[in-house]
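Reader: I have a new model open on my screen and would like to learn how to read its features. Could you walk me through some of them?

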Amino acid sequence: MQPHTDCPTAESGNRGQLTASDATFIYNLPFSDLLFRAHGIHRANFDPNAVQMSRLLSVKTGGCAEDCGYCSQSAHYPTGLKASKLMEVDRVLSEARKAREGGATRYCMGAAWRSPKDRDMDSIVAMVEGVRALGMETCMTLGMLTPQQSARLADAGLDYYNHNIDTSERFYSEIITSRTFADRLDTLANVRQAGIKVCAGGILGMGETAEDRISMLVTLANLPAPPESVPINMLIPIPGSKLANAKPIDPIEFVRTVALARILMPASHVRLSAGRTDMSDEMQALCFFAGANSIFVGETLLTAENPGEDHDAALFRRLGLKAEQLERAE
């Protein structure tokens, strides 16, 4: 089958505005053709057998004022999660050292906030500076940020800021009403303007259509600069949450979305994020072939279960994968 030669993806060096029709054509290619195309682009931009290892720590859990329908930490739903205060800096750095010893090169810290308060910024800055001093990349996810907060995090040396757009603009209000899709994009713009790299992706399996998944990725690819990291999450249905009974996404559709993310954003790390405990080894292998090249390691992912490091190590051995090494410019 001949490729869709007029699609302005970066594989041809053309960073023109991508359209939904271009992306839909690619998404609906025969599965083997789609994976062949995605893997070729992945191989041209990355070591196809190296996977970035990140560790995620919840530095402030629960009690969030947002009503995100997928989240165990929202105060709007009876999920049974007890709220906690912001973790002490020394404890965060102790956990970061353990992560580094376990092979993680990026340390991500998340707080269940609508947005951080100014009184918390000193501690947040100290966490960033401390993790960087350990020789690891730093990532934070703290909710919405103002330009001033973004600048302060940039001054502290924050490498990445995670702020997912979650889904398409059309479907967004079905999942979240306490902040808008535009609010999400504003925070991404503030972070980018401050000089921090962007980590932004979405969640699959919330009841969205294939068109919503495609639209989400087109939105990300068409940002002034695509996100350097694109997390693709599979919904973990949380008892008590709005989406507790959501129908699981078809595994082939999930892999198609990973492949499309790789094709539309060739130079980005595509992270296979939440939901890996419910993915078979074969599904994960297809995702890696389709262009996923980053995972979270460790037993937990914020408040949800994550495959244990022994399981990941065994899978990596079977697939001949290795941990990507960090190359930080000094």
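Author: A salt bridge is a side-chain nitrogen of Lys or Arg within 4 Å of a carboxyl oxygen of Asp or Glu. The side chains of R256 and E253 form one, at 4.0 Å from N to O. This is a predicted model, where local features need pLDDT of at least 70 and side-chain atom pairs count only at pLDDT 80 or more, while totals for chains, interfaces and linings use all residues. Residues are numbered from 1 along each chain as its sequence is written, and side-chain values use heavy atoms, with hydrogens and water left out.

Reader: Where do R256 and E253 sit relative to one another?

Author: Helices (H or I, at least four residues) and strands (E, at least two) are DSSP runs, numbered from the N terminus. R256 and E253 are separated by about one helical turn because they are three residues apart in helix α9 (residues 251-264).

Reader: Are R256 and E253 buried or partly exposed?

Author: Buried means under 20% relative accessible area, exposed over 50%, and partly exposed in between (1.4 Å probe, protein chains only). R256 has 12% relative accessibility, so this arginine counts as buried; E253, at 23%, is partly exposed.

Reader: Which residues are linked with them in a network of salt bridges?

Author: The network links E208, R213, E253 and R256. Within it, the side chains of E208 and R213 meet at 2.9 Å, N to O. E208 is buried at 7%, and R213 is buried at 10%.

Reader: How many salt bridges does a search of the whole structure find?

Author: The search finds 13. One of them pairs E137 with R106, at 3.1 Å from N to O. E137 lies in strand β3 (residues 137-141) and R106 in strand β2 (residues 106-111), so this pair ties together parts that are 31 residues apart in sequence. R106 is buried, with a relative accessible area of 0%.

Reader: How should I read a backbone angle such as phi?

Author: Most residues other than glycine have a negative phi. Here, D166 has a positive phi, near 75 degrees. D166 is found in the loop between β4 (160-162) and α6 (169-175), and is buried at 2%.

Reader: And contacts? What does S150 touch?

Author: Contact means heavy atoms within 4.5 Å. Not counting residues up to four places away in sequence, S150 touches L145, N190, V191, A194 and I196. S150 lies in helix α5 and counts as buried at 0% relative accessibility.
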